[in-house]
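Keep the structure open while reading.

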Amino acid sequence: MSEDVRAAERAAFLDSAGWGDAAVTVFPGDASTRRYFRASKGGERAILMDAPAAAETPLAPDNASPQDRHALGYNAVARLAGNNVAAFAGIAQALIERGFSAPRILAADMERGLLLIEDLGEGLYARAIPAGAHEGKLYASAVDTLAAIYRSSFPSVFEAQGRSWRVHAYDETALLAETGLYLDWYLPRFAARPSDDLRAEWEGVWQAAFAGLEAHAPGLALRDYHAENLIWLPDREVEGRTGLLDFQDALFAHPAYDLVSLIEDARRDVSPDLAEPLKDRFFKAAKLNDRASFDAAYAVLGAQRNAKILGIFVRLAERDGKARYLDLIPRVKAHFDHDLAHPALRDLAALVRKAMPEIAR
């Protein structure tokens, strides 16, 4: 579809929603194929989400086997929602019903992938903290919200705007596929293409590490929980003070997943003095037991996520021409190295040292 045709669809959608006379400005692009616009009229503002379904690879049917998912492509393997706006709308509705600050859906054209959503304002964590907001206070709020989400009960099928979306488990197939991005993209850029034997050994050590993730019950993981996707809303109540922006790829996962996403941020340095207190705060607020197993899972999922991000950032640079993501790699590699120091990842760390010495340094 041409940009002129898509622009006409956006204009018609805004007009049908009563926002046809709004001034519309585009937000800078991010790592996804979605685009966002701010619509302003009088004293009102809203966000237009433009998510054309054809821009993404197919999604996984509910009953797809791992083999089926691999045949369909990365979105299916990793259980991503892609540009299916039913996922965003359904999960947003469920979060709002439980007292969390996800954006309200003001208007929707589900067929064309267009949503008009509540504008939660300018208090993005990534900008508010450098501007003077108290980092510890904001991160404590984010942890409290995360623990409350974990303690909440959610259905497996989320419904809104006449559509439904099933949220699955963050299974071994998805976790392994994401670590594979390290071998597919990061390793060839900085060392050499992996052999088949290395791939087999890589998968084996990860599978052994993932076995320890069963010690705690899974909860809803929003999967991209960090300062670029959180809004500070100090006038709201308790867990609603942290606004939530990016959650359409949510899955049911170990409770450490979103916590490590928050603390081991790829885009900003969280104060080192905050990391352990935030982990303590979450563990207590989420009402968990077995701290040793939790800390091991935190390291495993941190390493898994950082291996994935290292691969994604190289892919964004090489395939999509977004070279700015290479500047973030040193921070993510430092997180990855820190995670590898945990005893639960001893075998993975040994593999990195043996097979990738120039990267392990």
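In this predicted model, helix α6 (residues 135-151) and helix α10 (residues 272-285) come within 9 Å, axis to axis, and cross at roughly 30°. That angle is under 35 degrees, so α6 and α10 are roughly parallel to each other. Their crossing is right-handed.

**The contact of α6 with α10**

- From α6, the contact uses Glu135, Gly136, Tyr139, Ala140, Val143, Asp144, Leu146, Ala147 and Arg151.
- From α10, the partners are Leu274, Leu278, Arg281, Phe282 and Ala285.
- By type, the residues of the contact of α6 with α10 are nine nonpolar, one polar and four charged.

**The contact of α8 with α13**

- Helix α8 (residues 196-210) packs against helix α13 (residues 346-355) at an angle of about 160°, and their axes are 9 Å apart.
- An angle over 145 degrees counts as roughly antiparallel, so α8 and α13 are roughly antiparallel to each other.
- The crossing of α8 and α13 is left-handed.
- On the α8 side, the contact is made by Leu198, Glu201, Trp202, Val205 and Trp206.
- On the α13 side, it is made by Asp347, Leu348, Leu351, Lys354 and Ala355.
- The residues of the contact of α8 with α13 comprise seven nonpolar, no polar and three charged.

**Covered helices**

- How many of the residues of helix α9 (residues 256-263) are buried? Eight of the eight are, so α9 is largely enclosed by the rest of the structure.
- The buried residues of α9 are Ala256, Tyr257, Asp258, Leu259, Val260, Ser261, Leu262 and Ile263. Asp258 and Ser261 are among them.
- The cover over the buried residues of α9 includes the helices α6, α10 and α11. It also includes β8 (219-221) and β9 (230-232).
- Helix α11 (residues 291-318) has 28 residues. From first C-alpha to last, α11 reaches 40 Å, close to the 40 Å expected at 1.5 Å a residue.
- α11 is mostly covered, with 23 of its 28 residues buried.

- Ala94 lies in helix α4 (residues 85-97).
- Its relative accessible area is 6%. Buried means under 20%, so Ala94 is buried.
- Leaving out residues up to four places away in sequence, Ala94 touches Phe154 and Phe158.
- Ala94 and Phe154 are 60 residues apart in sequence. Their C-alpha atoms are 7.5 Å apart in space.

- Most residues other than glycine have a negative phi.
- Arg79 is a residue other than glycine with a positive phi, near 55°. Arg79 is in the loop between α3 (74-77) and α4.
- Is Arg79 buried or exposed? Arg79 counts as buried, because its relative accessibility is 17% and the cut-off is 20%.
- Arg223 also has a positive phi, near 85°, and is a residue other than glycine. Arg223 is in the loop between β8 and β9.
- Arg223 has a relative accessible area of 5%, so it is buried.

Definitions and conventions:
Residues numbered from 1 in each chain as written. Predicted model: local features only at pLDDT ≥ 70, side-chain atom pairs only at ≥ 80, totals over all residues. Heavy atoms only, no water. Axes fitted to C-alpha atoms, helices over the stretch in contact; angles between N-to-C directions. Helix = DSSP H or I, 4+ residues; strand = E, 2+ residues; numbered from the N terminus. Parallel < 35°, antiparallel > 145°, perpendicular 65-115°, else oblique. Left-handed = near helix turned anticlockwise from the far one by under 90°. Contact = heavy atoms within 4.5 Å. Nonpolar A, V, L, I, M, F, W, Y, C, P; charged D, E, K, R; others polar. Expected span 1.5 Å × (residues − 1). Buried < 20%, exposed > 50% of the residue type's maximum accessible area, 1.4 Å probe, protein only.
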